[in-house]
Amino acid sequence: MAWNGRHFLSLADLSREEMIGLMRRASHYLDAGDRYEPDAPLAEKIVANLFLENSTRTRCSFTIATKRLGGDVVDLLGGTSSASKGETLVDTALNLEAMGVAGIVVRCSEENGPREIAEQAGIPIINAGSGTTSHPTQALLDAVTLTRHFGKEDLSMEHVAIVGDIAHSRVARSNVIGLTMLGANVTLVGPEELLPDDLDCDTSSDFDAVLSEASACIMLRVQFERDAKVGEDYRERFGLTESRANGFDGVIMHPGPLNRGLEIDDAVANIDNSPHNLILSQVTSGVATRMAILEHLIG
Ligand code: CP
């Protein structure tokens, strides 16, 4: 499906040019710093955050992005919504639309939930993470972080390792789309049982071999809440331990939240100890990236 510029559901809906256009706008907002936009593109508009799964980074950064663009936010969260009484996701969204919100940011466990809402809603729908398949705003902010770090939009000379619980990771799936669109060579790394075979890129269970060739390493959280099972040797084989990180010259990323001591050692996660650690830069990029998306769709 081509991007209609009205919803933001998957990076696969965007052309490379459309993706880079949003990234440049996000970069503009990053350069502008933590100020409110004087032209207030979202003035007098209310954006609904419909989050039926928990979130720290995505929800707060969408809220901050909306406010920095002059808009206001209404939050509808899982345990407090009428979803708990059996209301469907689409019905919930259509009720928010009927109240006059200008757009809906959706996080849900249903893979196609945001797209099903978009098919019926008359306002922009933004996918803030759906099931295990799609987290396009995270992938876009990761692309912004990486391209700014490397100082170029063409990543064809870069090798990105995405490491960990690939099977349950919507971040991995969206990043494969986004990073491949920018030309990067992507390798998914993890235990065989957490490496699905339906993804169109290289896979490996030899973390050290991939790390020796990578210029960026995106560590993933083991998603125990989705019943991920890992062996006792997981940290030894797939963790970014202090000794592994010491031998790695590339940049270190993680979408958060972190399982410290499992997929990433404390000493590596702490930004003061790791000059190549971009984990909090990703979070900062997240606000600017979501500003660019909100401005484009709703502003
Ligand atoms: N990266 C990410 O989606 O984090 P949250 O679950 O805290 O939003």
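In strand S8 (residues 216-219), Ala216 is the bridge partner of Val160; helices (H or I, at least four residues) and strands (E, at least two) are DSSP runs, numbered from the N terminus. The model is predicted, so local features need pLDDT of at least 70 and side-chain atom pairs count only at pLDDT 80 or more, while totals for chains, interfaces and linings use all residues. Residues are numbered from 1 along each chain as its sequence is written, and side-chain values use heavy atoms, with hydrogens and water left out.

S5 (residues 159-163) and S8 pair in the parallel sense over four bridges, where pairing requires that DSSP finds at least two bridges between two strands. S5 also pairs in the parallel sense with strand S6 (residues 185-189), over five bridges, and there Val160 stands opposite Val186.

Five of the five residues of S5 are buried, so the strand is largely enclosed by the rest of the structure; buried means under 20% relative accessible area, exposed over 50% and partly exposed in between (1.4 Å probe, protein chains only). His159, Ala161 and Val163 point one way from S5, and Val160 and Ile162 the other way. In a regular strand the side chains alternate between the two faces of the sheet.

Ile104 lies in strand S3 (residues 103-108) and is buried, with a relative accessible area of 1%. Leaving aside neighbours within four places in sequence, the contacts of Ile104 (heavy atoms within 4.5 Å) include Ala48, Leu50, Ile123 and Ile125. Ser81 is 23 residues from Ile104 in sequence and 15 Å away in space, C-alpha to C-alpha.
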